[in-house]
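Please keep the sequence and the 3D view at hand while reading.

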Amino acid sequence: MSGEHASQRIIEGYAHGGTGLAADEVWAVEAHLEACRVCRDRLSAVVAAGVPAVASLVDTVWSGLEPRLTVTPAMRRGRLRRAWLSRLPRWATPAMVPWLAMAVAVTLLALVLDLVGTGTGRVSMVLLFAPVLPVLGVAASWSRGLDPAYELTASAPRAGLDLVLRRTASVLGVVVPVLLVCGWATGVMVAQWLLPCLAFTAATLALGGVVGVTRAAVALAVVWAVVVVAPTAAAGRTAVTLRTDGLPVWALLLALGTGVVIARRGAYSVLRTHR
Amino acid sequence: MTTGREHHMTSAVTAADLAPTAYAWEIEATGLKVRVGRKRMAVDGLDLRLGTGVHGLLGPNGAGKTTLIRTLATVLRPTGGTLEMLGEPVGGPGEHRALRRRIGYLPQEFGYYKRFTVREFVEYMAWLKEVPKADVPAAVQRAVERVGLADRADERMKALSGGMVRRVGIAQALVNDPAVLLLDEPTVGLDPAQRLRFRELLQELGTDTCVLVSTHLVEDVAAACTDVVLFAEGRLVFQGTPDELAAAGGPEHVGDSPLERGYSALLQNPDRERGSW
């Protein structure tokens with residue numbers, strides 16, 4: 001035997017119960033057996049050949065174990081589908097789903113009204129509602145009243161600007177494609193709705209860092225109703241703010257909102273944003 | 001019999017485990033004040049030092065227990081005084097990211113997503129708590145096993161009883177192996193057998209963790225806590241062992257057990273008298 005393995009004498013002594021071995025030899029051989037496959041094989045050969053008592057004990061244990069070892073746990077049905085579903089909350093909480101559904105429904109309703117061409121004449125409803133739609137979803141994503149797990153989220157290390165942005169991105173990821181289809185169907189220029197839409201989202205987050213995202217969303221929706229929807233409805237034509245000459249202003253607002261969010265990024269890890 | 005895989009002994013102790021702690025107390029508050037709403041000081045000048053062990057936070061309703069725990073969970077910010085947790089000052093600017101990773105928190109109103117399974121929810125919480133990705137499955141399984149829900153781990157939360165939901169709440173608090181564990185009314189909704197099991201778990205955790213348990217059940221404190229913190233109207237009334245609390249009460253005080261008598265004796269201060277409750 002090479003010096004790296006236990007001698008035949010020690011292996012046989014160990015197989016017979018270790019009574020003929022010194023205590024330090026037993027410890028050494030046990031430690032060695034744990035790490036050495038060759039010596040384990042030799043031990044089992046010795047046991048099978050010369051120690052019937054141990055061999056029968058091992059067989060009993062094995063016959064008890066084997067049926068349990070051969071059964072592999074069956075893969076739960078739908079486990080794979082749930083694997084990616086379980087990653088979804090990293091982007092959007094279940095509390096946001098009904099609000100996103102509502103935003104999509106309002107968009108589609110506006111599209112239908114535009115295509116039918118009722119009521120407001122030359123005003124595009126899609127254009128009129130586009131900026132406030134993502135704000136609805138963003139509001140729901142950080143609401144104390146709507147998100148049951150908000151308290152846990154608020155105390156988690158990941159709470160902060162990057163989680164806010166993740167959820168905002170998921171809202172935009174749902175709302176913008178729908179608006180894109182609606183804008184294409186009604187012939188409204190992309191920049192004409194996309195800029196106000198993004199500017200409002202950025203403003204919600206910027207204001208949300210101070211008073212809480214939900215409050216900010218409500219306040220901005222009211223401002224929108226007063227400044228844009230009411231004059232449009234009264235005059236029966238698209239308000240100045242939504243015409244193409246208003247675009248630089250929206251771009252400026254977007255840049256301003258983004259700047260404020262970046263400057264105040266530390267504020268999003270405290271509870272205020274969750275109110 | 002042989003297994004196909006060879007075992008190689010590696011050290012299970014990392015440098016981080018061996019590093020000496022740089023703080024004397026896990027939680028150290030000096031003159032801590034926390035305002036709730038516009039005017040009310042729910043915690044008003046609290047001096048408190050808590051180390052490793054299970055600390056029972058007792059006090060009447062409205063004493064400010066929940067506000068204190070939410071402040072320690074870094075959900076609320078202190079209005080005044082200083083608060084240091086694990087050697088890091090709390091309340092200044094900054095995100096407390098590193099500190100939050102080492103805190104476990106069960107809120108009084110434990111909100112969850114009904115359609116999630118137990119495992120999915122605890123996994124999601126592990127992600128929120130920035131548990132390293134490779135450790136998540138094992139950490140989730142360990143946490144779920146510790147609260148005895150391993151057999152229900154793949155069931156949806158809406159199918160669970162109130163006591164089980166509470167245990168999921170405890171599991172999510174444990175999933176990041178916190179150094180400070182804050183449990184707000186964890187025994188609500190647990191049946192007597194579960195409560196006994198929970199006390200055992202508390203004692204086990206208290207050997208190497210600073211556990212703060214808020215409760216209004218005096219018997220919970222007697223059974224599981226090494227230390228009692230009695231809190232009323234935003235101030236510390238008493239801090240000591242359960243035996244010291246029991247010694248404060250005499251036969252003339254209201255209560256069915258020595259601890260309850262001690263509790264009512266300490267709260268019976270004349271200027272605290274208000275209402276019939």
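The model described here is a predicted one.

**Nonpolar cores**

Val122(B) also belongs to the largest nonpolar core, which holds 129 residues. Together with Val126(A), Ala171(B), Val175(B) and Leu182(B), Val122(B) is among the members that touch the most other members of this core. Helix 11 of chain A makes the greatest contribution to the core, with 11 residues. Another core, of 9 residues, lies apart from it and includes Ile10(A), Tyr14(A), Val29(A) and Val47(A).

**Chain B as a whole**

Chain B contains 10 helices and 10 strands. Of its 277 residues, 43% are buried. Among the contacts in chain B with a separation of 6 or more, 66% are between residues 24 or more positions apart.

**The contact between the chains**

On the side of chain B, 31 residues are in contact with 28 residues of chain A. Helix 3 (97-100) and helix 4 (118-128) of chain B each supply at least two residues of this side. The largest share, 6 residues, comes from helix 4 of chain B. By class, the residues of chain B that touch chain A comprise 13 nonpolar, 5 polar and 13 charged.

**A pair of packed helices in chain A**

Helix 11 (residues 190-211) and helix 13 (residues 247-263) of chain A pack with their axes 8 Å apart, at an angle of about 30 degrees. Angles under 35 degrees count as roughly parallel, and helix 11 of chain A and helix 13 of chain A are therefore roughly parallel to each other. The crossing of helix 11 of chain A and helix 13 of chain A is left-handed. The residues that make the contact are listed below by helix.

| Helix of chain A | Residues in the contact |
|---|---|
| Helix 11 | Ala191(A), Leu195(A), Pro196(A), Leu198(A), Ala199(A), Ala202(A), Ala203(A), Leu205(A), Ala206(A), Gly209(A) |
| Helix 13 | Leu247(A), Trp250(A), Ala251(A), Leu253(A), Leu254(A), Gly257(A), Thr258(A), Val260(A), Val261(A) |

In this contact of helix 11 of chain A with helix 13 of chain A, 16 residues are nonpolar, 3 are polar and none is charged.

Conventions
Residues are numbered from 1 along each chain as its sequence is written. Chains are lettered from A and ligands numbered from 1 in the order in which they are written. This is a predicted model: local features need pLDDT of at least 70, side-chain atom pairs count only at pLDDT 80 or more; totals for chains, interfaces and linings use all residues. Axes are lines fitted to C-alpha atoms, for helices over the stretch in contact, and angles run from 0 to 180 degrees between N-to-C directions. Helices (H or I, at least four residues) and strands (E, at least two) are DSSP runs, numbered from the N terminus. Angles under 35 degrees count as roughly parallel, over 145 as roughly antiparallel, 65 to 115 as roughly perpendicular and the rest as oblique. A crossing is left-handed if the near helix is turned anticlockwise from the far one by less than a right angle, and right-handed if clockwise. Two residues are in contact if their C-beta atoms, placed from the backbone, lie within 7 Å. Ala, Val, Leu, Ile, Met, Phe, Trp, Tyr, Cys and Pro count as nonpolar, Asp, Glu, Lys and Arg as charged, and the others, Gly among them, as polar. A nonpolar core is a set of buried Ala, Val, Leu, Ile, Met, Phe, Trp, Tyr and Cys residues joined through C-beta atoms within 7 Å. A residue is buried if 20 or more other C-beta atoms lie within 10 Å of its own, exposed if 12 or fewer, and partly exposed in between; C-beta atoms are placed from the backbone.
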